[in-house]
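Visitor: I have a structure to look at and some questions about it. Please show it first.

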Amino acid sequence: MPSISVQHVDVSFPIYEGAQRSLRHIMTNAGGRIASVTHRRVVVEALKDVSFDVHRGDRLAILGHNGAGKTTLLRVLAGIYEPLRGQVAIEGRVAPLFDISLGMDLDATGYENIRIRGLYLGMTEAEISTQIGEIAEFTELGEFLHLPTRTYSLGMRTRLAFGVSTCITPDILLLDEGIGAVDANFVEKADARLNALIERSGVMVLVSHSMSLLRRFCNKALVLEHGSVVFIGSIDEAVSAYTHGHERASEGGLTRPLSSH
Amino acid sequence: MPTIVVHTARSEFRIRRAFRDIVSATLHPHLWLVLGWLEVKQKYRRSKIGPFWITLSLGIMVAALGVVYSRLLDAEPRDYIPSLAAGLIIWQLIAGLINDGCTAFLAFDGVIKQLPAPLGVHLLRAVWRNFIILGHNMIVYILVMLIYLKNPGLVFFLAPVGLALIALNGAACGMILGVLSARFRDIPPIVSNAVQLIFFITPVLWRPENLKSRVWVVDWNPLYYLLEIVRRPLVGESPPLSFWAIAIGFTIASLAVGFSLFARFRGRVAYWV
């Protein structure tokens, strides 16, 4: 049964590049908090004591302004970042779909990229061979699949990555923005796919700034602020709390009670 | 097939997780086999002869250096050139493994931050890629042996054993240099300069016998022993037992250091790249 359990997770990033002063300036204005500034390095606390659970059928939206830790949290859920403190238990096959331009070999052809991505996601050669036709059809790329992916538009790359990531019938699908960057026709198809996926009793976590998108796909939401969970509950409450919080941000942020477990 | 991934910050699980990482990468070879091939193919995409540029450039190097150095060292070309070809091929393998070890994780930063796959995949990919190059270079060795009508005999079959030891060192090298390079970006250029320098003090173009007296730089160079346990079988000589002992000892040590570093910092690599 697919589920994710996150308990008291802390994540912080060491920043090794120089120019700490200007960086400190940027980071305190927006985003995570700087935990310690020594003369050698800066540490950005991206997530602080984050705890929550996601179960089957949950379609969780992650809200928060730029740098609140949304992408970092997704990477923790994907098992890419190991937290510094706390515990993460992920049950089920995870398919992350983050920044499409990364993780794709631009010199390889579309078919090669389907294969590579499938293998990275834990598919076997046999599984890929049986599904490659279906994936190719979904992407609607036709003959382009024989060309290097560097010749593709952003939308075409998105379709390719999305096609593979949803074809592996993951238990847990992690999406970071991006899916809005394609044409309307694709959104329809993606919509159908996502719904089918969710019906197969999977778990989905979606990060986006688009409230309409989040409302359309999600039933639960989590609001992050400076790396801490400030709200978790139904999507509607979260969206209104978040939009209100935005207006009140100058007065000290969200005042809604924390209702995580 | 539901998989359960548990990440805790507790250190006692580090060794177990690092071990599981390497095992699962090894048991799913398709990924790194494909990645290694693509990396080789990619470099020569749109070229007429493709990866055979590797073969051609080594062939030219062997011919040119063979003519000059056999005179310089006053050696019989029939003995010198096969030995030179074998030496250069193995040196390219060792140098490639060291340099690729540095970039094992760095070169795949995008993928590491995108898709959760064992990091061992990148170590094995780097080793495999260099063995593909070795395969292309072996054509030169075979041609040279045919030209001089040399038959290495049964000792030839010791060469794969030596190559296996080099492969293990390549993986260890990826664990050490790959992790360190992800954190300290000055390491790759330092290493590539060092490798160039070491080429000249390792007996590849010349033999230790060419030296007037024993030189500690040769005696204490572990790469010399790794090189010889493959080079000698390729030209029909059996390496002394002491060479095997040193090579095996060095491999165990490098694997121990490599695995400790990898286990300790594996979880940090995604943050560093």
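Visitor: At what angle do helix 7 and helix 11 of chain B pack, and how far apart are their axes?
Guide: This is a predicted model. Two packed helices are described by an angle and a distance, both taken from their axes. For helix 7 (residues 159–183) of chain B and helix 11 (residues 241–272) of chain B, the angle is about 35° and the axes are 7 Å apart.

Visitor: Is the crossing of helix 7 of chain B and helix 11 of chain B left-handed or right-handed?
Guide: A crossing is left-handed if the near helix is turned anticlockwise from the far one by less than a right angle, and right-handed if clockwise. The crossing of helix 7 of chain B and helix 11 of chain B is left-handed.

Visitor: How many nonpolar residues are in the contact of helix 7 of chain B with helix 11 of chain B?
Guide: The contact of helix 7 of chain B with helix 11 of chain B can be split by residue class. It has four polar residues and one charged residue, and the nonpolar ones number 18.

Visitor: Why is helix 2 of chain A largely enclosed by the rest of the structure?
Guide: A residue is buried if 20 or more other C-beta atoms lie within 10 Å of its own. The buried residues of helix 2 of chain A include L73(A), L74(A) and L77(A). Helix 2 (residues 70–77) of chain A is largely enclosed because its buried residues number seven of the eight.

Visitor: Which strand of chain A gives the most to the side that touches chain B?
Guide: The contact takes 35 residues from chain A and 25 residues from chain B. Strand 5 (85–91), strand 6 (94–97) and helix 3 (110–120) of chain A each supply at least two residues of the chain A side. With seven residues, the one that gives the most is strand 5 of chain A.

Visitor: Where in chain A is E140(A), which has a positive phi?
Guide: E140(A) is not a glycine, yet its phi is positive, about 55°. E140(A) counts as partly exposed, because it has 13 C-beta neighbours inside 10 Å. Its place is the loop between helix 4 (125–139) and helix 5 (154–167) of chain A.

Methods. Residues numbered from 1 in each chain as written. Chains lettered and ligands numbered in written order. Predicted model: local features only at pLDDT ≥ 70, side-chain atom pairs only at ≥ 80, totals over all residues. Axes fitted to C-alpha atoms, helices over the stretch in contact; angles between N-to-C directions. Helix = DSSP H or I, 4+ residues; strand = E, 2+ residues; numbered from the N terminus. Nonpolar A, V, L, I, M, F, W, Y, C, P; charged D, E, K, R; others polar. Buried ≥ 20, exposed ≤ 12 C-beta atoms within 10 Å, placed from the backbone. Contact = placed C-beta atoms within 7 Å.
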